[in-house]
Structures are given as C-alpha cells and as structure tokens.
Amino acid sequence: MLVGSVNQERITKFNRTQQFLPEDYELLLAFLAKFQKLVTTPNILTEVNSLANQLGEPERSQCFEIFAQFTINVALLDEYYIKSLDAVNTEKFVKFGLTDSGILTLSKSNYLVLTDDLKLANYLQSVEVNVINFNNIRVFNWK
C-alpha cells in the first residue's frame, strides 16, 4: 500500500513488491475501504518502516511522509501492543517469528487477517483464525 501510494509503477520494480501489479494497489485500497477499522501492531509498522527504508530517494522520504500522515490522521487505524514475551510463547514462534506470532496472538481476538503469506494464512486457517490471502482476491479481482 505504501509503495503504491508514492508511485504505483514502482510496485513491479521494487524487490519486496515486484510480485504485485499496479492494479493490485487499487484492489487493496478497495478492499480496505470496506472496513471501519484497521488493526496493526508496532512490529508490523516496524516492518513497513524497514521496507520503506530499502527504497531509493526521493521515494523513501515520500514513503515516510505518507506513513507519518497515515498513522497520525487515519482514525480507523488501531494499534495494539503485543508483548514480545507473549508472541515468543506461541506454539509456532520458531516457524513464524516475532511479527507473525504477534499477528497470531492478536487475531485470536476475532480479527480478520489479510496477508499474502501462504504459510501464515494456512496456519491461521488451521487454528480457526479468520484470514484472507490477498493472492486469492487478486485471482478473482474482487472489489
């Protein structure tokens, strides 16, 4: 979302988003618009920050400007802190790592998870967490 907000054409050229198309950005925005709240964690936002840091200038600085405005101005963004101790105590921490284990911990509170990570999506589904794999939406171009 952040890379597309700066430059949709960059999506296919940036190594972390090259599997997506500019149309996927529009699809993602349309999907997210259907929700009253977006839920995140500091770990997720840290990964977004690290991803944006890999961009060259001026797109890197533009990403950070958009990121700052999004987190400040978007009333629909709820950020929940998951203690690292709680995340590392999940059954699958070694398989998924800190950020995804935090998602697992938080999502058990009845949140829908959107991911493009097939391994994570399959596991969440197996433990009855509501999850949508973004790649499935892309296939059907659902809006």
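Predicted model: local features only at pLDDT ≥ 70, side-chain atom pairs only at ≥ 80, totals over all residues.
I'll start with α7, which covers residues 118-126. Which of its residues are buried? They are Leu120, Ala121, Tyr123 and Leu124. These four span an arc of only 165° around the axis, so they sit on the same side of α7. The other side of the helix has Leu118, Gln125 and Ser126, which are exposed.

What covers the buried side?

Now the ends of α7. At the N-terminal end, the cap is aspartate 117. One of its side-chain oxygens is 3.0 Å from the backbone nitrogen of lysine 119. Past the helix comes glutamate 128, and its phi is positive, near 65°.

Next, valine 48. That residue belongs to helix α3, residues 42-53. Is valine 48 buried, exposed, or partly exposed? Its relative accessible area is 27%; buried would require under 20% and exposed over 50%, so valine 48 counts as partly exposed.

As for its neighbours, leaving aside residues up to four places away in sequence, valine 48 touches Leu2 and Phe67. Threonine 90 is 42 residues from valine 48 in sequence, and the C-alpha to C-alpha separation of the two in space is 23 Å.

Methods. Residues numbered from 1 in each chain as written. Heavy atoms only, no water. Buried < 20%, exposed > 50% of the residue type's maximum accessible area, 1.4 Å probe, protein only. Helix = DSSP H or I, 4+ residues; strand = E, 2+ residues; numbered from the N terminus. Arc of directions from axis to C-beta. Polar contact = N/O pair within 3.5 Å; in protein donor to acceptor, adjacent residues only side chain to side chain. Contact = heavy atoms within 4.5 Å.
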